[in-house]
Amino acid sequence: MENLKELALDIMEAACETDEVREDLDLDLFEAGLIDSLAAVVVLVELEERTGIKLQPTDMEREDISTVNHFIDFLEKKVG
Amino acid sequence: MIFSQYGSIFSVVMFSLLLIPAVIMNLSGKRIKYYGILLNIPMLIFLFGLKSLQMLQFVVFIVCEFILLYGFYYLRKKVKANWLYYIVLALSMVPIIVIKLCVYTPFNMLGFAGISYISFRIWQLVVEMHDEHIEELKFLDTIYFVTFFPTLSSGPIDRYHRFLQDLNKVVPQNDYIENYLMFGLGRIGKGMIYKFGLAFMINQYVMTPLPEEHTIWSTIVYMYAYTLYLFFDFAGYSHFAIGTSYILGIKVGENFNMPFLAHNMKEFWERWHISLSQWFGDYIYKRFVLNTLRNKVFKSRKTASRVGNMVTMLVMGIWHGPYLFYIVYGLYEGAALVVTDIYLKSKTYRKFKQMKCYDFVSRVVCFQVIAFGMLLFSGYLFSF
């Protein structure tokens, strides 16, 4: 679980290009203007580079990356 | 662009009346699904005419595309190869490409309302099958999804899984009355005001009286009038499409969210023709960027994204038709996105955002960029 949280934070930090994502895990990243469609793709690229899991854009809903906590839940389902 | 589907008050009222049985069925706890599927038949006849060339093309098109879809559905499990996917995708595009190119031939009367939007739904199914998101392709559900009448001619473009979820449930009475029926009727009312009130008046009293000869003044008037006209006409159409979909139990996505309040072009595409821009975002932009990054085509993510913006918008432009002004329009919108991206990442933007005049000034500037894009889109500059 701790590992997944770190993985999620690392990926989000790389995708949003800011460590602000670490401050509030329930912050709506879309509303805060931290994430956009490019960042959503970078999430997939980073995930693939770090875990080898290959996903398509439609495997991940907007909701899955709207907050860091949602993303942790999403990773739990995909990484297991 | 003409939206003949809800083109007159008569057709809207008639279609609304045909929804009454659906309302009664839902209120008595029955699923609307089969009535909805049946309702498609008279509505299609009403739209195309029973023995018309349009109807013939529509039927042939649907039959061919379904043979292709089911062929892929069964073959993909046996032949796990990418080439099959690409062949199927290319074949599914043949009809729309041929029909669009027919404008340059004596067969320029070919084509039927909704072919573009139906194609979006079909390509979506092909891609989703390839990605193994679709385990079972149920015939009735799929044909209803592809030919769902309320959104047939111009969207909003729905997603297969979302559609199926709504399709197979019975909504509790109170929920249905409040969130589907009343909501839907409200939307149809708004559509009336938008399309037959505002859009009609702008066209009648501003655009039509303009002189045939294009002057700088007439072009400026046309630019703003057309921008507002297109919004009220298309948003009006969308109100009808969304309202009737809801009454049939389908909570289709939104298409507009106050687009002229956007602060920049990136935000504009999150507010204008939303279902289309999300479709292009998911199926073209994101896949382009993802694949080019995977294969290391571009060194930086920024470059991949910006080339992705240009490619996506160019495709969007050409999709409207094989005319020069649509290509110019696509390039313009792509360039606008690239410039916006550079601007949003700049220090100037961060400073400007703190200023009091930010909201007002950026909205006014953004509206000019939007309106000029609409002027290109209208083809006015290219017709003399």
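**Helix packing and contacts in chain B**

In chain B, B:Phe325, B:Val328, B:Tyr329, B:Tyr332, B:Glu333 and B:Ala336 from helix α14(B) meet B:Val369, B:Gly373, B:Leu376 and B:Phe377 from helix α16(B). Two residues are in contact here if their C-beta atoms, placed from the backbone, lie within 7 Å. Helices are DSSP runs of H or I with at least four residues, strands are runs of E with at least two, and both are numbered from the N terminus. By class, the residues of the contact of α14(B) with α16(B) come out as 8 nonpolar, 1 polar and 1 charged. For this count, Ala, Val, Leu, Ile, Met, Phe, Trp, Tyr, Cys and Pro are nonpolar, Asp, Glu, Lys and Arg are charged, and the others, Gly among them, are polar.

A word on the model itself. It is predicted, with local features needing pLDDT of at least 70 and side-chain atom pairs counting only at pLDDT 80 or more, while totals for chains, interfaces and linings use all residues. Residues are numbered from 1 along each chain as its sequence is written, and chains are lettered from A and ligands numbered from 1 in the order in which they are written.

Back to the helices. Two packed helices are described by the angle between their axes and the distance between the axes. Helix α14 (residues 324–344) of chain B and helix α16 (residues 358–378) of chain B pack at about 160°, and their axes are 8 Å apart. The axes are lines fitted to C-alpha atoms, for helices over the stretch in contact, and angles run from 0 to 180 degrees between N-to-C directions. α14(B) and α16(B) are therefore roughly antiparallel to each other. The cut-offs are simple: angles under 35 degrees are roughly parallel, over 145 roughly antiparallel, 65 to 115 roughly perpendicular, and the rest oblique. The crossing of α14(B) past α16(B) is left-handed, that is, the near helix is turned anticlockwise from the far one by less than a right angle, whereas clockwise would be right-handed.

Helix α16(B) has another partner. Its axis and that of helix α10 (residues 216–247) of chain B come within 8 Å and cross at roughly 85°, which makes α10(B) roughly perpendicular to α16(B). On the α10(B) side, the contact is made by B:Met223, B:Tyr224, B:Tyr226, B:Thr227 and B:Leu230, and on the α16(B) side by B:Ile370, B:Ala371, B:Phe372, B:Met374, B:Leu375 and B:Ser378. This contact of α10(B) with α16(B) holds 9 nonpolar and 2 polar residues, with no charged ones.

Elsewhere in the chain, helix α4 (residues 53–78) of chain B pairs up with helix α5 (residues 82–101) of chain B: their axes come within 10 Å and cross at roughly 175°. α4(B) and α5(B) are therefore roughly antiparallel to each other. B:Phe61, B:Glu65, B:Leu68, B:Phe72, B:Leu75 and B:Arg76 of α4(B) make the contact with B:Leu84, B:Val88, B:Leu91, B:Ser92 and B:Pro95 of α5(B). Sorted by class, the contact of α4(B) with α5(B) has 8 nonpolar, 1 polar and 2 charged residues.

B:Gly308 is in helix α13 of chain B and is buried, with 28 other C-beta atoms within 10 Å. Buried takes 20 or more other C-beta atoms within 10 Å of a residue's own, exposed takes 12 or fewer, and partly exposed is in between, with C-beta atoms placed from the backbone. Leaving aside its neighbours within four places in sequence, B:Gly308 is in contact with B:Tyr285, B:Phe288 and B:Val289. B:His273, in the loop between α11 (265–271) and α12 of chain B, has a positive phi near 45° although it is not glycine.
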